[in-house]
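Open the model in your viewer and keep the sequence panel beside it. The tour below goes one selection at a time.

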Amino acid sequence: MSGTIRSNIKQGLTVDIVLKKDQATGRLTRGIVKDILTNSANHPHGIKVRLQDGQVGRVKAVITNSDGET
């Protein structure tokens, strides 16, 4: 599922994000969405979110379980 479309992102989802400090390397951080920070319907670099641990970054992937559910 694309991390560039806001309607795909919901609170409580597990996602992989790129933190600002990791943009050069593309290192991903996994966490659970607490807040959605991007107001627009889509963003080419990913929707900006705050994870439950307080880290902020842009969504690169939405993690689904083995049944294909989010």
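## Stop one: the core

Select I9, L13, V15, I17, L19, V33, I47, V49, L51, V59 and V62: these 11 residues form the largest nonpolar core. A nonpolar core here is a set of buried Ala, Val, Leu, Ile, Met, Phe, Trp, Tyr and Cys residues joined through side-chain atoms within 4.5 Å. Buried means under 20% relative accessible area, exposed over 50%, and partly exposed in between, with a 1.4 Å probe and protein chains only. Colour β1 (14-19), β3 and β4 (56-62), which each supply at least two residues of this core. β1 gives the most, with three residues. Strands (E, at least two residues) are DSSP runs, numbered from the N terminus.

This is a predicted model: local features need pLDDT of at least 70, side-chain atom pairs count only at pLDDT 80 or more, and totals for chains, interfaces and linings use all residues. Residues are numbered from 1 along each chain as its sequence is written, and side-chain values use heavy atoms, with hydrogens and water left out.

## Stop two: the barrel

Switch to cartoon view. Four strands make a closed barrel in the order β1-β2-β3-β4, with antiparallel pairing. From one strand to the next, the twist averages 70 degrees. That angle is taken between N-to-C directions of axes, lines fitted to C-alpha atoms, on a scale from 0 to 180 degrees. Two strands pair if DSSP finds at least two bridges between them.

β1 and β2 run antiparallel and are joined by five bridges. Pick V15 there; its bridge partner in β2 is G31. Next, go to β2 (residues 28-36) and β3 (residues 48-51), an antiparallel pair with three bridges. Find D35, which stands opposite R50 in β3. I36 stands opposite V49 in β3.

## Stop three: I17 and T29

Select I17 and show its contacts (heavy atoms within 4.5 Å). Leaving aside neighbours within four places in sequence, I17 touches R27, L28, T29, V49, L51, Q55, V56, G57, R58, V59 and K60.

Move on to T29, in strand β2. Is T29 buried or exposed? T29 counts as buried because its relative accessibility is 11%. Outside the four places either side in sequence, T29 is in contact with V15, D16, I17, L19, D22, L51 and Q55.

## Last stop: N8

Select N8, in the segment before β1. With neighbours within four places in sequence left aside, N8 is in contact with M1, S2 and L13. Draw a distance from its C-alpha to that of Q23, 15 residues apart along the chain: the separation is 22 Å.
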